[in-house]
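This briefing concerns the structure shown below. It is arranged by topic, from a single residue to the contact between chains.

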Amino acid sequence: MMPTLNDYLLLSAVLFTIGTAGVFVRRNLITILLSIEIMLNAVNLTFVAFGRSFGTADGQIIVFFVMTVAAAEAAVGLAIVIALFRHRESLNPDSFTSLKW
Amino acid sequence: MTLFYLFGAIAVVASLLVIAQRNPMYSVLLLILSFGALSGLYVLLEAPFVAVIQIIVYAGAIMVLFLFVVMLLNEPKEDTEEARLRLVVAPGAAQMGAILAVALIGELGWALTRTGGQSGAFPAGAVTSEAAIGRLLFNDYSFPFEVTSILILVAMVGAVVLARRESRRSDGT
């Protein structure tokens, strides 16, 4: 018995939820960025599974673009993390509250 | 089917450990393991191009960038005594996030199981070759492809500007 589309979608939902929980629960900027990467990969799995289901290559093209955006996001995000660490010597997002009302 | 369960279990367990780890170094290495399992799933989905760039671009380039920053900042421990005390005294945000995550997986699972499990069987023999992807990428998607290069350029310049150390001596000359 082959795995169906629903199996892949359920696995993707589980991975996406793990990423969401990581963003909410963890208090470390680098781990939060890693959780965002988990969420992006869960969405990639959904795209590839749907592309396989529809029999087209468009899903894989979208995955290509998502990976490009993820690379740009990681570069800018890590640069921001480095700049923040230079200011406060901390990676805890609770210590950056200057813009909080 | 067994391969699907094997790769899926590796991906889920490794992702859970990424969140549970206290040392960001281990988190990054476990995330690379999770990406390897996802690459295996892409092979099962007959998408070899995505499987290969998952390894090369994600595990090879992006994760090495993360690893480099973790080593550069050199702050491995997250939960200091003060942070743990705050978690005990004011346990709001983390518990709320966990509850929201459980609600999210409940909703997604409910929505997916309602449609019936057997309706989503894959059609046989739909192999998309790299040649087909390349033809699609440079014909139908050529404009987004070019925009992508500008995005990468902007991100690169932004990263350099953000991470630059302000040097006051070189301003006058």
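B:Tyr5 is located in helix α1 of chain B. In this predicted model, B:Tyr5 counts as exposed because it has 12 C-beta neighbours inside 10 Å. Between the C-alpha atoms of B:Tyr5 and B:Arg165 there are 48 Å, and the two residues are 160 residues apart along the chain.

**Chain B: elements and domains**

- Chain B contains 8 helices and 0 strands, and its elements, read from the N terminus, follow the order α-α-α-α-α-α-α-α.
- Chain B has 173 residues, of which 20% count as buried.
- Among the contacts in chain B with a separation of 6 or more, 52% join residues 24 or more positions apart.
- Two domains are given by the domain assignment of chain B: domain 1 covers 1-76 and domain 2 covers 129-165.
- The centres of domain 1 and domain 2 of chain B, taken over C-alpha atoms, are 22 Å apart.

**The α2(A)–α2(B) pair**

- The axes of helix α2 (residues 29-54) of chain A and helix α2 (residues 24-44) of chain B cross at roughly 5° and come within 11 Å.
- An angle under 35 degrees counts as roughly parallel, and α2(A) and α2(B) are therefore roughly parallel to each other.
- From α2(A), the residues making the contact include A:Ile30, A:Leu34, A:Leu45 and A:Val48, while those from α2(B) include B:Val28, B:Leu31, B:Phe35 and B:Tyr42.
- The residues of this contact are divided into 11 nonpolar, 3 polar and 1 charged.

**The α3(A)–α3(B) pair**

- The axes of α3(A) and α3(B) come within 11 Å, with a crossing angle of roughly 0°.
- Helices α3(A) and α3(B) are therefore roughly parallel to each other.
- Among the residues in contact are A:Met67, A:Leu78, A:Ile82 and A:Phe85 of α3(A), together with B:Phe49, B:Ile53, B:Leu65 and B:Phe66 of α3(B).
- By class, the contact of α3(A) with α3(B) has 21 nonpolar residues, 1 polar and no charged.

**The largest nonpolar core**

- In soluble globular proteins, nonpolar side chains tend to be buried together.
- The largest nonpolar core has 58 residues, and those with the most contacts inside it are A:Leu15, A:Ile30, A:Leu34, A:Leu45, A:Val48, B:Tyr42 and B:Phe66.
- Two or more residues of this core come from each of α1, α2 and α3 of chain A and from each of α1 (2-20), α2, α3 (48-73) and α7 (142-163) of chain B.
- This core lies between domain 1 (1-76) and domain 2 (129-165) of chain B, because both domains give residues to it.
- Which residues does B:Tyr42 contact, leaving aside its neighbours within four places in sequence? They are A:Val48 of chain A and, in chain B, B:Ala47, B:Val50, B:Ala51 and B:Gln54.

Technical notes. Residues numbered from 1 in each chain as written. Chains lettered and ligands numbered in written order. Predicted model: local features only at pLDDT ≥ 70, side-chain atom pairs only at ≥ 80, totals over all residues. Axes fitted to C-alpha atoms, helices over the stretch in contact; angles between N-to-C directions. Helix = DSSP H or I, 4+ residues; strand = E, 2+ residues; numbered from the N terminus. Parallel < 35°, antiparallel > 145°, perpendicular 65-115°, else oblique. Contact = placed C-beta atoms within 7 Å. Nonpolar A, V, L, I, M, F, W, Y, C, P; charged D, E, K, R; others polar. Domains from an automatic or database assignment. Core = buried A, V, L, I, M, F, W, Y, C linked by C-beta atoms within 7 Å.
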